[in-house]
Structure formats: structure tokens, C-alpha cells
Amino acid sequence: MSTATTERPQAQPNPPEGVKKKVGGGLLDPKQLWISLPDALKKLDPRTLWHNPVMLIVEIGSVFTTVLAITDPSVFAWVITVWLWLTVVFANLAEAVAEGRGKAQADTLRKAKQDTVARKLAHWKPGANVLDETTVGATELKLGDFVVVDAGEVIPGDGEVVQGIASVDESAITGESAPVIRESGGDRSAVTGGTRVLSDRIVVRITQKPGESFVDRMIALVEGANRQKTPNEIALNILLASLTIIFLMAVATLQPMAIFAVGEQGFGTDDAVLNANGVTGIVLVSLLVCLIPTTIGALLSAIGIAGMDRLVQRNVLAMSGRAVEAAGDVNVLLLDKTGTITLGNRQASEFVPVHGVSVAELADAAQLSSLADETPEGRSIVVHAKSAHGLREREIHDATWIEFTAQTRMSGVDVDGRVLRKGATSSVTEWVRSNGGRIPDDLKGIVDEVSSAGGTPLVVAEESRILGVIHLKDVVKNGMRERFDEMRRMGIRTVMITGDNPRTAEAIAKEAGVDDFLAEATPEDKLALIRREQEGGKLVAMTGDGTNDAPALAQADVGVAMNTGTAAAKEAGNMVDLDSDPTKLIEIVEIGKQLLITRGALTTFSIANDIAKYFAIIPAIFAAVYPGLDTLNIMRLDSPTSAILSAVVFNAIVIVALIPLALRGVQYRPSDAATLLRRNLLVYGLGGIITPFVGIKLIDLLISAIPGIS
Amino acid sequence: MDSTTAGVIFVVSLVVVLAAVYRPAGDYMYRVFTGTKHSRAERGIYKVIGVDPEAEQPWGVYARSVLAFSAISIVFLYLFMRLQGRLMLSLGFDSLTPELSWNTAVSFVANTNWQAYSGESTMGHLVQMAGLAAQNFVSAAVGIAVCVALVRGFARNRTEHLGNFWVDLTRICLRILLPVATVAAIVFIAAGAVQNFSSSDEISTLAGGTQTIPGGPAASQEAIKLLGTNGGGFWNVNSAHPLSNPTAWTNWIQIFLILLIPVAMPRAFGRMVGSNKQGYAIIAAMSVIALASIFLLNLSNGLGANTVPAAAGAGTEGTETRFGVLNSATFGAATTLTSTGAVDSFHSSYSSFGGGLTMLNMMLGEIAPGGTGSGLYGMLMLAVITVFVAGLMVGRTPEYLGKKISSREIKFASLYLLATPALVLVGTAIAMANPTARESMLSSGAHGFSEVLYAFTSASNNNGSAFAGLSANTGFYNTALGICMLLGRFLPIIFVLGLAGSLAAQKPTPESAGTLKTYQPLFVGMLVGVVVIVVALTFLPALALGPIAEGLS
């Protein structure tokens with residue numbers, strides 16, 4: 001029997017069950033910093049820095065202080081100059097490290113691509129067996145070409161199987177060593193270039209343009225090359241740029257004010273900080289660099305690259321950063337029931353006999369009819385008969401097994417003169433009637449009860465006699481309810497999509513804890529639901545794999561296509577999950593949110609840092625003019641020069657210190673907005689105010705020992 | 001009753017009464033902003049100026065209407081003053097110089113009312129009434145209209161229409177400003193303020209000397225000067241003059257009038273966006289800042305620390321004895337927290353930190369509660385910035401009142417944030433680098449610098465109060481401060497309307513548990529924090545060389 005095979009088979013084992021709390025990330029190896037150094041130095045080219053206005057200003061400032069240090073050398077001038085350059089290098093280092101992590105992966109991918117040879121077919125028509133083939137390089141393949149691939153060969157490009165069936169090793173892409181089946185027609189026809197055919201022979205129609213293959217896109221993605229800035233990143237850049245301009249003005253306009261103050265009040269003798277011409281250039285540049293949001297400016301692009309990288313590590317390819325950000329904003333999550341919310345297969349959970357039949361008799365008949373049924377449902381009946389009713393498996397001979405077909409919608413066995421059938425209610429009752437039997441009055445009640453409990457009723461009959469009903473139950477995966485509760489706290493509504501009837505759907509929805517369900521769903525219903533939600537301003541995410549999912553995938557704001565799915569589905573979605581795990585959607589949402597939170601947190605931290613820097617630098621510059629301003633030196637820093645230097649050094653070091661955080665993302669636990677804001681304000685806002693006071697004081701204690709500084 | 005108790009009762013009674021009128025006044029304004037009916041007088045006005053009151057405007061047209069109306073007003077006012085000598089009721093005063101006419105015209109149209117002239121020795125009654133007082137009405141109404149357009153941007157969806165500027169302007173003048181100002185003027189007359197058309201009378205005093213008692217339509221101008229947060233006094237000493245602010249209780253009424261509309265605007269805003277809680281959040285943020293400022297200013301001036309007259313016991317120098325030190329401090333805080341700029345005491349004579357606080361109040365952008373309309377739109381712009389940073393920290397594309405804050409919105413908010421500080425800092429720096437400009441300073445050192453910093457802060461933020469001590473009626477200051485007032489008023493207005501346009505075009509984002517709740521105390525606290533930190537970081541170096549250096553010496 002196989003009432004459930006209309007649903008998609010499970011492609012991969014699911015990831016660890018249970019509630020995963022944290023979105024983790026890779027660790028940062030200190031060696032990586034060292035390896036990335038040459039790349040970081042290369043990025044000093046102003047043309048490269050152009051995309052990062054905050055750091056460009058720091059570089060211009062560094063050049064300026066270098067000139068000043070050469071024309072008027074002093075220990076102070078040179079130490080400041082070195083640390084200003086280090087600030088730029090550290091920022092480049094953050095980006096280089098983030099990019100470097102993807103490079104190794106890209107190299108492996110590229111290797112797989114290079115030496116592939118394609119056996120191109122000149123003419124291919126369905127059913128044609130005459131294969132007139134020429135050998136060309138994989139890179140020369142065009143859209144619509146046909147190639148043949150035999151066992152042991154590498155598939156030369158992305159395409160669709162048009163003939164044959166084969167097992168394919170996709171580990172080069174997915175990292176999963178178990179081979180998968182690819183066959184023509186249906187939803188498992190897509191193959192990816194760079195993967196290896198293990199058995200049989202297939203003909204593939206190429207569906208990619210040269211240089212735009214999956215592997216090409218993946219390489220671009222993991223390398224972070226030509227990374228497009230995401231909408232929120234652009235908005236943040238605008239805010240950072242305007243803050244930079246404000247501080248630029250605050251520092252630039254300080255000079256005439258300082259000259260006036262110096263002229264009126266006098267200030268002692270010329271020194272490294274102040275002279276008759278006002279504040280020295282080195283100190284002005286130092287003040288500027290300390291005030292402009294260098295911390296977030298330095299780490300912004302690393303955060304973006306690392307966010308994509310975290311997705312890649314989870315075997316998800318996002319076609320754009322925009323999609324990742326949209327994932328964080330999702331309001332509605334559409335989840336297919338089978339394989340996502342429930343295990344792929346239903347299992348027998350109860351035998352319910354009709355009036356006048358004993359449970360034992362029903363269990364016996366059910367077991368007997370299922371002994372040769374190799375579908376998961378069939379096996380679960382045998383298992384249940386054994387565990388709940390003590391019926392052992394038995395050997396039977398001379399039995400005729402009746403397989404399930406779409407026409408009969410029944411399966412069963414003819415053995416020892418007994419004729420047993422089990423199957424869909426309508427089919428079995430019809431069969432019993434045709435055998436001259438009658439339908440017991442209580443059958444309808446039992447069937448309805450099973451349905452309304454979310455189960456699938458399988459009626460068991462012996463010739464003209466109905467024995468009872470097997471309750472096949474959808475088994476909700478472990479930990480799903482907790483996940484949906486989390487989603488609700490995050491403000492995301494979950495909607496279960498199923499082909500079941502509304503009553504069954506409602507029962508499962510209730511058990512799994514989803515907010516809503518769409519029963520007897522057709523692809524059109526799905527599309528209509530997405531449009532309806534979007535009309536109300538909501539962002540919708542969904543997964544899909546079939547060609548008929550493609551319109552809905554394209555319409556959804558976040559459409560995750562399964563790698564096992566059709567080329568049409570993969571083309572329509574804006575992400576591809578290489579593991580083909582529909583629950584991955586939940587993790588994608590979390591990564592999207594974490595990406596935004598990391599940016600917001602470091603922006604807050606960066607701005608909050610400025611308070612302490614003012615308390616270090618303002619008294620350092622002007623206490624000589626207005627001695628009362630020394631009251632502001634609450635850190636009691638050693639001397640004006642050491643105070644300014646400490647602020648500059650702290651400003652540079654904090655970038656390196658935060659690289660791991662930028663790459664890993666800030667800690668994220670799914671919770672409501674107020675909780676998240678309170679926590680992040682406390683850690684990055686308040687922390688951002690206090691940390692530099694401590695840091696600058698400590699650095700001052702160290703460097704005041706250097707001769708020539710204090 | 002000692003003076004401290006009196007000062008506390010003064011402030012507490014203001015807070016209580018303002019809290020009591022918050023809802024009725026806000027609800028009334030809400031009905032004015034959203035009503036669909038036109039009175040006969042209004043319809044007559046629309047017919048005369050040729051406006052279809054039902055035709056709504058997209059943001060660009062709304063902005064052009066604001067700019068065109070203001071440009072015409074400036075030209076009209078300029079010519080009025082240039083031709084004063086040939087007009088009736090001139091009291092024999094000459095026409096004004098081009099620089100002063102330009103400065104004053106811009107000043108009154110920009111709702112600043114910076115006065116580089118002395119009313120009693122410069123302006124005739126006709127210019128005062130038909131020119132300056134008229135601008136007091138319409139310039140206040142322009143601010144409210146722009147603010148209402150921004151709120152419509154939040155409240156409306158998928159439209160380009162932000163209302164009709166001419167309708168908003170007419171209604172605000174006729175239904176809000178005119179009735180309240182009329183009542184207030186009568187109260188002032190009853191209290192002893194002058195309202196006539198006579199020129200000044202020379203009288204002999206009992207002591208045998210002579211005294212000049214000025215006359216004129218002062219009470220009526222006084223009422224709108226405060227209600228419209230304009231601040232331009234009929235006479236040079238402004239609200240310190242006994243014929244415009246005769247008693248301690250008129251002083252209370254003056255402060256009440258200053259705060260009335262700005263305080264009630266958040267209520268109208270809450271009603272318009274369909275959530276009174278949002279209005280309460282905004283007024284809460286405004287109140288926290290305002291009360292802190294009033295408290296600190298009272299404290300600082302009451303102690304009178306670090307001032308020349310400290311030797312005399314308290315900061316009484318420059319204050320009127322009928323008001324006292326504390327009530328004058330409260331007036332000083334109210335006038336700088338709004339864009340009023342009326343004064344009943346000399347800010348230059350405040351304690352160093354007190355003077356610094358009045359500057360800081362203006363540097364905050366006059367948003368607590370700010371000028372009529374301009375206070376609320378300023379606070380909403382900062383709320384947009386706060387929402388952006390806070391929204392990222394909760395892991396969503398930031399949204400405020402159901403509208404996404406993305407790059408276009410941030411662009412307008414950032415430009416708004418940038419405009420005024422740029423004018424203040426660049427203006428001050430140019431003045432300090434200019435030897436001629438430096439000659440206008442009466443004091444030297446930090447205090448002299450404060451005078452200049454105050455002037456540019458006041459002009460760029462459209463406050464109009466002066467620190468005193470700076471001779472501002474020079475070619476340089478008239479021109480430079482005129483530019484600051486003009487750009488400080490209309491650049492932000494363009495950015496506000498631009499933001500309004502891009503908000504109105506959006507479709508709404510529904511609220512969920514993941515949405516930042518912008519009416520909770522946490523957000524209010526963060527908004528206050530962002531306002532204070534952003535401003536402090538921008539102006540700290542300048543303040544350090546002025547009031548802070550002076551206060552710590």
C-alpha cells in the first residue's frame with residue numbers, strides 16, 4: 001500500500017532534532033589574521049577604499065600626518081602616524097579575513113570545474129538512440145546543448161536530465177557523501193555541474209549560460225567578489241557618512257575657535273599639541289579619527305561577508321544579500337507539512353475494529369495484509385501489530401501480493417483462501433459492496449474520528465466483511481512546537497501547507513503548534529495566499545522544490561528552493577538549500593536577523609565610544625589654555641600627548657578585538673523586540689560607554705612609560 | 001514663602017496645567033488638521049488666492065508652496081521696512097538699511113525673530129502690526145503645516161498626497177492662532193500691557209526728572225509672539241518690559257502660551273496616526289529633556305556659581321525683580337527649549353553653566369517641546385534616526401509607525417540632522433576667523449566666544465534670543481545670521497517634506513511581536529539618549545571653549 005507516496009520522498013536525513021538556540025559561526029584562527037595581512041595591505045589602494053568613506057577619511061588623515069611627521073619629526077608624531085595607518089590596515093584586515101574564509105572553498109570548487117570535458121550531442125530528440133557526440137570543454141557549453149554523461153564522469157554543467165536515471169555524487173557541492181538519484185521528468189531532474197555520476201548513463205540538457213553556472217555563482221558568493229551592498233547596509237552607510245561629515249565639521253571648525261582662545265588667553269609654550277597657530281595638525285587628525293565611526297566603518301563589510309559565509313556554512317546559497325536581509329524581516333513562514341513539520345511517513349498508531357470484530361482479529365488481518373508491503377506505512381503496521389498486540393512476523397507461502405495502484409487505491413494479499421484488502425475508505429467499501437457485503441453502521445464514525453484527529457484512516461476488509469480501521473498518524477517532528485513558539489515570540493506567523501482535508505490539517509496544525517494552515521492546497525492557492533499576505537504589507541518566506549512551486553517561490557520575498565528540486569524551482573527562488581532540508585528556513589531567518597543585529601550593535605558601540613574619547617582629548621588639548629578644563633580629565637591620564645595617543649591606540653585596537661564578533665555575529669536568542677533591544681542596549685550601548693574609559697586608562701598607563709611621549 | 005518654594009510652585013503649576021490641556025488642545029488641533037468642512041471665511045480666502053481646497057499636493061508641490069509663500073513674505077517685509085519712512089504710522093522713523101531689512105525680514109518669516117534693532121527706536125506701528133505681527137501668525141502656521149504634512153506621511157499609505165498647504169495655513173491661522181491670541185491679548189491688556197496707537201509720551205516723574213512712556217499695539221503682538229513661538233518683542237527688552245509683561249502671573253501666562261501648542265502637538269500626532277500611545281511616547285521624551293533642563297537651569301542660576309554677580313549673593317544681575325531669579329530661569333529654559341527666543345532676563349548674565357544650558361537647549365534642535373510644529377517634526381526626525389539604530393538591534397529592517405526606514409528615509413533624516421549643526425559651527429568658525437566680526441564681541445575670552453556661538457546657535461535654530469553683549473547690527477552679522485536663519489529654517493523643512501513624501505508612498509508594515517514598540521519606556525529612554533549624545537558629541541568641542549571653560553575656571 002502506498003497512500004502517502006504522492007508526497008515528496010525525504011531526500012536527506014534531517015539535521016539534529018531538537019531546539020537549536022544559538023546561531024553559531026566559525027571560529028577565528030589568529031593565524032588567519034597573519035595570512036590575510038598581504039591582502040589587507042593591498043586594500044590600502046584608495047581606489048579600493050573608495051567604497052568605504054569612513055576608512056578613506058582615516059587614510060587621507062594618515063597621509064597628512066605622515067607628511068607632518070616627516071617635516072616636523074617627533075616621537076609623538078611618528079607613533080600617532082603609525083597607529084593611524086594601523087587603524088586603516090586593521091579595517092582592511094577585517095574584510096580580508098572575512099573574504100579569506102571563503103577563498104579555500106572557492107579554490108576547491110574551481111578545481112572541480114576546470115578540467116571537466118563534455119560529450120556534447122549534435123542532435124538529440126526524445127527517444128533518439130543514435131548519439132552523435134563530440135568532445136568539447138565544459139566552458140564551451142551553451143544554453144540548450146545536450147550532453148551525455150556516463151558512470152564515473154563529471155557532469156559538465158547545470159542542467160536537467162532528459163533521459164535516463166542515475167545515482168549522482170553531489171558531495172563536491174553539498175558536502176554530503178550519500179549519493180542521490182537523478183532521473184528524467186518529475187521533480188528530481190536537476191543536476192549540477194561539477195557533480196559525478198556514479199552509475200548508469202544520463203542525457204542532460206544544459207540550462208545555464210556559460211560562466212553563470214551554479215558553481216560559478218557559488219565561487220563568487222564564497223569569495224565575496226562583487227558583493228552588492230544590501231538595502232539596510234546602504235542606509236547605514238548613509239547614516240555613517242553623515243555622522244562623519246558632522247564630526248569633520250566639528251573638528252574643522254574647532255581650529256578658528258582654538259586660535260581665538262590661544263590668542264586671547266595664552267597657553268604656555270609651543271608643544272606637540274598646541275602652538276600659536278592653534279591645535280597641531282596631528283592632534284586634529286587624531287581627534288577626527290577618534291570621533292568618526294571607525295569601528296563600525298571598519299567592520300561593516302566584514303559583517304556582510306561573514307553573514308553570507310554563515311549561510312554557506314549551512315549549505316545555503318543566497319543569490320543576493322537582499323534576500324538574506326529580507327529573511328530577517330519575514331512575517332509569515334509557509335511550511336510544507338510533510339517533511340518539514342511531520343516526518344515524511346505516517347505510522348500506524350491504533351487498530352480500531354468495527355462492532356462485532358475483536359481487536360486481535362483486526363490486528364491479525366492488518367499484519368497479514370502488510371507483510372510484503374515495503375512502504376514505510378506498511379512496515380509501521382507490522383511493527384505496531386508486534387509491539388502493541390504481540391503478533392510476530394510469520395512466514396507465508398503461496399501468497400499473491402496485491403500492490404497498491406493509483407486506480408485501485410488498495411493493496412493486500414490472497415493467501416490460504418483468505419482475501420484481505422486495505423486502503424482508502426471509498427475504494428475498500430466499494431470493493432466490499434461488490435463482493436456482496438454490507439458496510440457496518442459504525443464505520444463512518446470511526447473513519448471520521450481518525451480523520452479529525454489528524455490521522456489517515458485505512459480500512460481493512462476481508463472479502464465481504466469490513467473488519468475495522470488502521471489509524472495512520474502523521475508524526476510531528478521533535479522540537480517543532482518549541483520552534484514555532486520561538487517564531488511567535490519573534491513575531492513570525494507560521495502557516496502549514498498541506499494537501500490534506502481541512503479536518504486532518506487542523507488536527508496536525510494544533511498538534512504541531514503552527515498558527516494557521518492551508519488545507520487541500522493547490523499551487524494556485526499557495527500563490528494566492530502569498531499575494532494576500534503581501535498585500536497587507538507582510539513579507540513571506542517559503543520553501544519549495546517542484547516545478548509547480550516555481551511561481552510561488554518567485555512571488556515569495558524569501559523563496560528557498562531545495563537542491564533536489566527542479567531547475568525551474570531553483571531558478572525561481574532566491575536561495576538554494578543544498579541539504580534540501582525545509583526546516584532550514586528557520587535558521588535562515590535567524591541568520592538574517594543576526595546580521596542586522598550585529599550591524600546595529602556595533603554602530604551603537606562605535607558611537608557610544610566617542611564619549612570617553614572626548615573626555616580624553618578635549619582636556620588634553622585645551623587644559624593649557626583654560627586650566628579649569630583639566631577637571632574633565634576624569635581618567636587622570638598622564639599627559640596631553642599620552643592621552644591623545646591612548647585614544648588613538650584604543651580606537652585602532654578595538655577594531656581588531658571586534659573582528660571575531662563581526663565574523664561570528666553577536667549572540668542571538670529568538671525573543672521579542674523589547675527583550676532584544678534591552679539586552680543589546682545594555683551590552684553595546686552602556687558597554688560602549690564604559691569600555692573605552694577602562695581601555696584608554698590602561699593604554700595610558702602603558703605608554704606613559706615610553707620616553708618622549710609624556 | 002521663600003523664593004525656592006515659589007520657583008517650584010511656578011514650575012509644578014505649569015506642568016499640571018499643561019498636562020490638563022494636553023488632550024483637549026491636541027484633540028482640537030487634530031480636528032482642525034483633519035476636518036473636511038470649510039468655513040465661509042476660509043472659502044472666501046481660497047477664492048481670493050485661487051486655490052481649490054479639495055486638491056491635495058504631493059510633497060514637491062507642498063514644499064514649493066511653502067517656499068513660494070515664504071519668499072513672497074520676505075520680499076514684502078523687506079520692501080515694507082525699506083519704505084517705512086514714506087508710510088503712515090511710522091512715528092517719524094526712517095526707512096531701514098538694506099542689511100537690517102534683509103536680516104529682519106528673513107528673521108520674522110523664518111519664525112526666528114532675531115532682532116538686530118531696537119523696536120522703540122526703529123519700527124513704526126504699521127510695520128510692527130501689518131508686517132512683523134502678521135508674520136508671527138503665518139510663520140508659526142507654516143511650521144505647524146509642515147509638521148502636519150509629515151504626520152500625514154506616517155498616517156497615510158500608498159499615496160503621494162500630503163494635504164494642501166494653503167488650506168492648512170489658512171485653517172491654522174483662523175482656527176487655532178487667531179482665537180487663542182485674541183483671548184491672550186485681552187488678558188495681557190487686563191494685566192496692564194499697552195494696546196494703543198499713540199507714540200511715546202514724555203512725562204515728568206515725581207522725582208522731577210522726565211521719563212518716556214512708549215505706546216503702541218504691544219499686547220496683541222505679545223500674545224502671538226509667545227503663542228507662535230516667535231519671540232520678537234515689541235520693544236528691545238522684550239518680555240522684560242513692564243508694559244508687555246507686567247507681573248509675575250503674566251510671566252506664568254507667557255510661558256504657558258509658549259508651551260501650549262508645542263506640548264499639545266504630540267496629542268494631535270497620536271490621533272492622526274491612530275495611536276495615542278505614540279503621542280504619549282513623544283511628549284514623554286520631550287518632557288524628560290525639558291524638565292531636566294528647567295531643573296538644571298534653576299539650580300545653576302539659583303546658586304549663581306561662577307558669575308560676576310556671584311559676589312552679590314545670587315544671579316540677580318540681568319533679571320527683573322518682579323520675576324526673580326528662578327522664574328526668569330524657567331522662562332529662559334522655556335524660550336530656548338522652544339524656538340521662541342523671547343527673553344525676560346539677560347542670558348548673558350546667567351551663570352556660566354546656565355548660559356551654556358540655554359545654548360544646549362537650542363543645540364538639541366529645539367525639540368523639547370520645540371517650536372510650533374518645528375518641535376514635533378524635529379523630534380520625529382530624531383525618532384527616525386533612533387528607530388533605525390534600535391530597529392537594526394532587534395534584527396529587522398527598522399520601521400516606525402508601520403513605515404520602513406530604509407536608505408531614502410535615512411537620507412532625508414541624515415540631511416536634517418546635518419543642516420543646523422553645519423550652520424552653527426561653520427558660522428561661528430567664520431566669525432571667529434574674521435577680525436571685523438570679532439570686534440562685535442563685548443567680552444573677551446570664553447565669554448566673548450559664547451556670545452558669538454550663542455548668536456549662530458540662536459539664528460540657525462530659529463530661536464531668535466540673544467545672549468546680549470554682541471553688537472549684532474553690523475553688515476557681517478546681519479548678512480551671516482540672515483543666511484543662517486534662512487537656511488536653518490527652510491533646508492530642514494525641505495528634508496521633512498521629502499521624508500513625508502517617501503513615507504506616504506509606502507504601504508504599511510503590520511506590527512508583530514518582532515516589531516520595535518516605539519511607545520514603550522525603553523524606546524523613549526533611547527530616544528532621549530540619542531538626542532543628547534548626538535548633540536553633545538557635535539557641540540562639545542565648541543561648548544568646551546565657551547561656557548564649560550568659563551564655568552570650570
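These are my notebook entries on a predicted model with chains A and B.

**Conventions**

I number residues from 1 along each chain as its sequence is written, and chains are lettered from A and ligands numbered from 1 in the order in which they are written. Since the model is predicted, local features need pLDDT of at least 70, side-chain atom pairs count only at pLDDT 80 or more, and totals for chains, interfaces and linings use all residues; side-chain values use heavy atoms, with hydrogens and water left out.

**Confidence**

I looked up the scores of the model and found ipTM 0.94 and pTM 0.86. For pLDDT (the predictor's confidence in each residue, from 0 to 100), chain A averages 84, and 92% of its residues score at least 70. Chain B averages 92, with 98% of the residues at 70 or above. I marked residues 1-26 of chain A, where pLDDT stays under 50. The model has 61 contacts beyond four places in sequence for that stretch, a contact being heavy atoms within 4.5 Å. Where pLDDT is low, the predicted coordinates should not be read in detail.

**Chain A: annotated spans**

I checked the unreviewed UniProt entry, which annotates "transmembrane region" on residues 49-70, 76-94, 234-262, 282-305, 611-629, 641-661 and 681-706 of chain A. UniProt positions are given in the numbering used here, feature names are shortened, and annotations may be inferred rather than shown by experiment. I then took two of these spans. Residues 49-70 of chain A are 86% helix and 0% strand, with end C-alpha atoms 24 Å apart. Residues 234-262 of chain A are 97% helix and 0% strand, and their end C-alpha atoms lie 42 Å apart. Helices (H or I, at least four residues) and strands (E, at least two) are DSSP runs, numbered from the N terminus.

**Chain A: helices 7 and 9**

I looked at helix 7 (residues 231-252) and helix 9 (residues 281-291) of chain A, whose axes come within 9 Å and cross at roughly 155 degrees. Helix 7 of chain A is therefore roughly antiparallel to helix 9 of chain A. Axes are lines fitted to C-alpha atoms, for helices over the stretch in contact, and angles run from 0 to 180 degrees between N-to-C directions. Angles under 35 degrees count as roughly parallel, over 145 as roughly antiparallel, 65 to 115 as roughly perpendicular and the rest as oblique. In this contact, F247(A), L248(A) and V251(A) of helix 7 meet L284(A), L287(A), L288(A) and L291(A) of helix 9.

**Chain B: two helix pairs**

I found helix 10 (residues 276-303) and helix 18 (residues 521-552) of chain B packed at about 50 degrees, with axes 9 Å apart. That angle makes helix 10 of chain B oblique to helix 18 of chain B. The residues that meet include A281(B) and I282(B) in helix 10, and V524(B) and L527(B) in helix 18.

I also noted helix 1 (residues 3-34) and helix 7 (residues 165-191) of chain B, at about 150 degrees with axes 10 Å apart. Helix 1 of chain B is thus roughly antiparallel to helix 7 of chain B. Among the residues in contact are Y28(B) of helix 1 and R171(B) of helix 7.

**Chain B: backbone**

I recorded a cis peptide bond between A368(B) and P369(B), with omega about 0 degrees. P369(B) sits in the loop between helix 12 (352-363) and helix 13 (374-393) of chain B. N113(B) is not a glycine, yet has a positive phi of about 60 degrees. N113(B) lies in the loop between helix 4 (98-109) and helix 5 (119-122) of chain B. Most residues other than glycine have a negative phi, and most peptide bonds are trans.
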